Amino acid sequence: MSSTPRSRRVRAAALLTSLATVLVPALTLGTAAPAAAHGDELSAEIRAIMAKPGYEHAQWGLLERDGTTGEIIHSQFPDQFFLPGSTAKLLSVSGAWHALGGDHEFTTPVQAVGQQNGSALDGNLVLIGQGDLTMGGRTAPDGSVSYTPIDHTYANDVPGATLTPEDPLAGLDLIARQVRDAGLTRIDGDVAVDTRLFSSFPGLDPTPTPLIVNDNVIDLLTTPTAPGQRAQLTWRPQVAPYQVESTVRTVAAGSPTDLTVSASPDGTRITVSGTIAADAPPTLRISPVQDPAAFGRTALIEALGRAGVTVTAAPTGPNPTDKVPDSYDGTRRVAAYVSPVYAKYAKLILKVSHNLGANLAICLMAVTAGSHQCEDGFPVLNEFLRGAGIDPTQAQLLDGRGGNPVDRVTPRIETDIVNYWQNTPEAARFRDALPILGVDGSLAGACAGCPTCPGKGKVWAKPGSVVGEDGLNQRLAVGAQTLGGYLDAGHGRLNTFYLAVNGASAPDIEGFLDEINDLSRIAGLLQQEAEARNG
């Protein structure tokens with residue numbers, strides 16, 4: 001990437017669409033314990049952080065409750081709306097978790113539509129998309145769902161994104177082998193993907209689809225060679241008709257790494273250009289899949305070929321929706337991929353702030369209500385919150401990830417939602433799905449350069465950010481930095497908290513990252529204070 005100040009600001013602006021990141025019983029709707037509006041007494045160290053340059057015109061919000069007694073420990077503007085950034089995922093993922101159940105598995109079937117003659121099918125194979133987030137592309141041998149601190153979906157915006165080791169086509173390969181084991185070696189017809197499970201709407205960006213392969217992106221990994229030589233490129237998943245060309249040159253060690261990805265209108269011709277420093281690590285970029293259904297169809301046909309099953313239809317081209325039957329009565333299931341449980345997908349979404357997965361949560365809630373329209377997931381979320389004793393009017397949402405301009409939350413609703421989970425059998429599983437300060441997920445680097453790092457390993461919290469470019473002042477406008485979850489208060493006790501600052505500014509991307517760490521440090525100090533109060 002270019003190291004010029006303007007390029008750093010532009011990259012940070014892109015984060016606006018990327019990172020927009022036995023206890024007390026749940027409060028009864030409308031009867032929450034009163035909390036002071038503001039004027040809270042905070043330690044001198046915390047107040048010094050809040051008074052740093054960049055926060056002169058900002059508004060801070062904070063609510064911390066004792067998880068055992070419900071006592072309010074700290075309160076600043078608990079009922080005021082704040083831009084949530086990715087802490088909106090605490091609400092959307094909670095709604096989907098409750099609607100589906102933490103142990104819900106997504107079963108993606110393949111039906112044989114037609115007559116089988118020996119080992120040949122005179123008809124079509126139809127894969128029925130079920131909203132599986134990864135289709136085996138992140139499933140580790142032990143059944144867990146893999147993630148890295150900076151997910152590949154952020155590769156174009158955040159330095160240091162890396163890949164998980166799993167094969168993104170693993171689920172389709174398993175399905176193909178099952179088709180072969182079902183006695184089919186030839187499909188004298190076509191392969192189609194049934195995408196009728198749900199339809200998205202413009203407010204959901206990135207857009208969920210019923211069949212998702214590799215998060216609907218192509219991974220492009222550039223590795224430097226010798227200065228003056230063309231860099232090495234590897235890419236995945238390799239599916240026709242996608243083709244990738246690289247013109248990236250290796251430049252001297254210490255020089256800027258500046259990679260650009262361009263693609264044809266249909267996304268199938270991708271070019272990576274620019275330079276990479278000889279001492280740079282392998283650098284990842286991504287390119288979106290424009291037609292996930294057509295991509296998935298071709299990937300399945302290619303997987304069938306690898307498994308020894310011949311398909312007579314052309315492997316590339318549009319998804320033949322006319323081959324999808326009105327009903328599957330009388331058809332034969334010849335394969336099915338079964339996903340890990342939803343709680344493991346929720347952990348992926350919360351640990352790395354997976355935007356596609358958070359938006360998918362809205363669609364999946366709609367499906368549980370019998371709807372095929374993603375927007376019908378919001379009433380399901382509203383009903384869940386009311387049933388949990390949480391006032392839904394303390395939030396405004398038009399997506400699941402916290403990136404829509406209308407999205408707002410109060411500190412109260414965010415602490416209420418994490419408190420809700422503490423009174424369920426899923427308490428430990430939900431808490432462990434959150435990033436842990438200084439340990440994993442999007443809080444893994446929170447202790448970098450801080451040997452003492454207050455709260456390390458003792459804060460479970462979801463961070464969020466909203467940032468854009470301030471052209472007037474040639475700096476970054478930090479619309480929001482937020483953080484909410486649990487503090488280890490000692491002796492097995494947990495406090496719930498939500499911390500937000502809206503309206504800050506930063507001189508550049510480094511200053512923006514420093515402000516992210518400011519919230520982590522405040523949370524760590526609150527944790528230390530809570531532990532000290534309890535002896």
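Modeller: What follows is a set of questions and answers about a predicted model.

Colleague: Why is the pair R493 and D66 called a salt bridge?

Modeller: A side-chain nitrogen of Lys or Arg has to lie within 4 Å of a carboxyl oxygen of Asp or Glu, and the closest N and O atoms of R493 and D66 are 2.9 Å apart, so the pair meets the definition of a salt bridge. R493 is in strand β20 (residues 493-506) and D66 in the loop between β1 (59-65) and β2, so that the pair links parts of the chain 427 residues apart. The structure holds 18 salt bridges.

Colleague: What makes D66 buried, and what makes R493 partly exposed?

Modeller: Buried means under 20% relative accessible area, and D66, with 6%, is therefore buried. The range for partly exposed lies between that limit and 50%, and R493, with a relative accessible area of 25%, is therefore partly exposed.

Colleague: How do you know that D215 and R138 tie together separate parts of the chain?

Modeller: Their side chains meet in a salt bridge of 2.9 Å, N to O. D215 lies in the loop between β6 and β7, whereas R138 lies in the loop between β4 (120-128) and α4 (170-181), so the pair joins parts that are 77 residues apart in sequence. Both D215 and R138 are buried.

Colleague: Why is E426 called buried, and what is the label for R429?

Modeller: The limit for buried is under 20%, and E426, at 17% relative accessibility, therefore counts as buried. R429, at 31%, counts as partly exposed. Salt bridges that share partners join D103, E426 and R429 into one network, and within it the closest N and O atoms of E426 and R429 are 3.0 Å apart.

Colleague: Why is E515 not given a salt bridge?

Modeller: The nearest side chain of opposite charge, K52, is 7.3 Å away, whereas a salt bridge needs a nitrogen within 4 Å of a carboxyl oxygen, so E515 has no salt bridge, although it is buried. E515 is in helix α11 (residues 509-533), and, leaving aside its neighbours within four places in sequence, it is in contact with G54, Y55, V478, Q481, A504, S505 and A506.

Colleague: What makes F77 and N216 stand out in their backbone?

Modeller: Most residues other than glycine have a negative phi. F77, however, has a positive phi near 50°, and N216 has a positive phi of about 60°, although neither of them is a glycine. F77 is in the loop between β2 (72-76) and α3, and at 23% relative accessibility it counts as partly exposed. N216 is found in the loop between β6 (191-194) and β7 (217-223), and with a relative accessible area of 9% it is buried.

Colleague: Which peptide bonds are called cis, and where are the prolines that follow them?

Modeller: Most peptide bonds are trans. The bond from R236 to P237 is cis, with omega near -10°, and the bond from A240 to P241 is cis, with omega near -5°. P237 is found in the loop between β8 (232-236) and β9 (243-246), and P241 is likewise found in the loop between β8 and β9.

Colleague: How do you know that C374 is buried, and what does it touch?

Modeller: At 0% relative accessibility, C374 falls under the 20% limit and therefore counts as buried. C374 is in the loop between α7 (355-368) and α8 (377-387). Not counting residues up to four places away in sequence, it touches F198, S199, S200, F201, L204, I362, C363 and A366.

Colleague: What describes the packing of α3 and α9, and which residues make the contact?

Modeller: Helix α3 (residues 89-100) and helix α9 (residues 411-421) pack at an angle of about 30°, with their axes 10 Å apart, and α3 passes α9 in a left-handed crossing. The contact is made by L90, L91, S94, W97 and H98 of α3 and by I413, E414, I417, V418, Y420 and W421 of α9. By class, it has 8 nonpolar, 2 polar and 1 charged residues.

Key
Residues are numbered from 1 along each chain as its sequence is written. This is a predicted model: local features need pLDDT of at least 70, side-chain atom pairs count only at pLDDT 80 or more; totals for chains, interfaces and linings use all residues. Side-chain values use heavy atoms; hydrogens and water are left out. Helices (H or I, at least four residues) and strands (E, at least two) are DSSP runs, numbered from the N terminus. Buried means under 20% relative accessible area, exposed over 50%, partly exposed in between (1.4 Å probe, protein chains only). Lys and Arg count as positive and Asp and Glu as negative; His and the chain ends are not counted. Contact means heavy atoms within 4.5 Å. Axes are lines fitted to C-alpha atoms, for helices over the stretch in contact, and angles run from 0 to 180 degrees between N-to-C directions. A crossing is left-handed if the near helix is turned anticlockwise from the far one by less than a right angle, and right-handed if clockwise. Ala, Val, Leu, Ile, Met, Phe, Trp, Tyr, Cys and Pro count as nonpolar, Asp, Glu, Lys and Arg as charged, and the others, Gly among them, as polar.
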